[in-house]
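Q: Could you walk me through this model, with the cut-offs spelled out as we go?

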Amino acid sequence: MSVASKTKAVLNIAERKPAELAACLGIPVQSVRNKFSRDVFSVSDLLKIFDFVGCTMYVEFEDGQKIRYTIDDVKDSSKAKVDHPILEKFK
C-alpha cells in the first residue's frame, strides 16, 4: 500500500476532507490532490497531517524501542523533543 493510500485511509478514518487538509497544510486543494496523485509527501507533511487528525508517528525497532515524531519536530527542529537516550548525543 502506498503512502498516499495510507494517508487517504487516515483521513477517511478521521472523517476529514481534502479542503480541510489543504487549510491545515496551508496549500490550495489542487496541491493536496497533486500530492495524492503523485504520492509525494514530505515527513513534515505527514507530521502535520497526523497532528491534524490526532494520531502519532513512531519508528519502532524489533526490540520494541520506539522513537516518536511529533508536530513539535516540524515547528522548531532546533528544540526537538528527545524521547530516547541514544538521541541525546545528536542534539
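What follows is a chat about helix packing, an aromatic pair and some backbone angles.

Q: What kind of model is it, and how are residues numbered?
A: This is a predicted model, in which local features need pLDDT of at least 70 and side-chain atom pairs count only at pLDDT 80 or more, while totals for chains, interfaces and linings use all residues. Residues are numbered from 1 along each chain as its sequence is written, and side-chain values use heavy atoms, with hydrogens and water left out.

Q: OK, where does Asp 45 lie?
A: Asp 45 lies in helix H4, residues 43-53, where helices (H or I, at least four residues) and strands (E, at least two) are DSSP runs numbered from the N terminus.

Q: Buried or exposed?
A: Asp 45 is buried, because its relative accessible area is 10%, and the cut-offs are under 20% for buried, over 50% for exposed and in between for partly exposed, with a 1.4 Å probe and protein chains only.

Q: And what does Asp 45 touch?
A: Leaving aside residues up to four places away in sequence, Asp 45 touches Leu 25, Lys 35 and Val 40, a contact being heavy atoms within 4.5 Å.

Q: Which residues of H4 are buried, and what do they pack against?
A: The buried residues in H4 are Asp 45, Leu 46, Leu 47, Ile 49, Phe 50 and Val 53, and the partners of the buried residues of H4 include helix H1 (3-13), helix H3 (29-38) and strand E1 (57-60).

Q: At what angle do H2 and H4 pack?
A: Helix H2 (residues 18-25) and H4 pack at about 120 degrees, with their axes 10 Å apart; axes are lines fitted to C-alpha atoms, for helices over the stretch in contact, and angles run from 0 to 180 degrees between N-to-C directions. H2 and H4 are therefore oblique to each other, since angles under 35 degrees count as roughly parallel, over 145 as roughly antiparallel, 65 to 115 as roughly perpendicular and the rest as oblique.

Q: Which residues meet there?
A: Glu 20, Leu 21, Cys 24 and Leu 25 of H2 meet Asp 45, Lys 48, Ile 49 and Phe 52 of H4. The residues of this contact of H2 with H4 divide into five nonpolar, no polar and three charged, with Ala, Val, Leu, Ile, Met, Phe, Trp, Tyr, Cys and Pro counted as nonpolar, Asp, Glu, Lys and Arg as charged, and the others, Gly among them, as polar.

Q: How about H1 and H4, what angle there?
A: H1 and H4 pack at about 20 degrees with axes 10 Å apart, and are therefore roughly parallel to each other. In that contact, Val 3, Thr 7, Val 10 and Leu 11 of H1 meet Leu 46, Ile 49, Phe 50 and Val 53 of H4, and its residues divide into seven nonpolar, one polar and no charged.

Q: Switching topic: how many aromatic pairs are there?
A: The structure holds one aromatic pair. Phe 36 and Phe 41 form it, edge-to-face, at 5.1 Å centre to centre and 70 degrees between the planes; rings of Phe, Tyr and Trp (its six-membered ring) pair if their centres lie within 6.5 Å, and planes under 30 degrees apart count as stacked, over 60 as edge-to-face and the rest as tilted. Phe 36 and Phe 41 are both buried.

Q: What about the phi of Glu 15?
A: Although Glu 15 is not a glycine, its phi is positive, about 55 degrees. Glu 15 is found in the loop between H1 and H2 and is exposed, with a relative accessible area of 68%.
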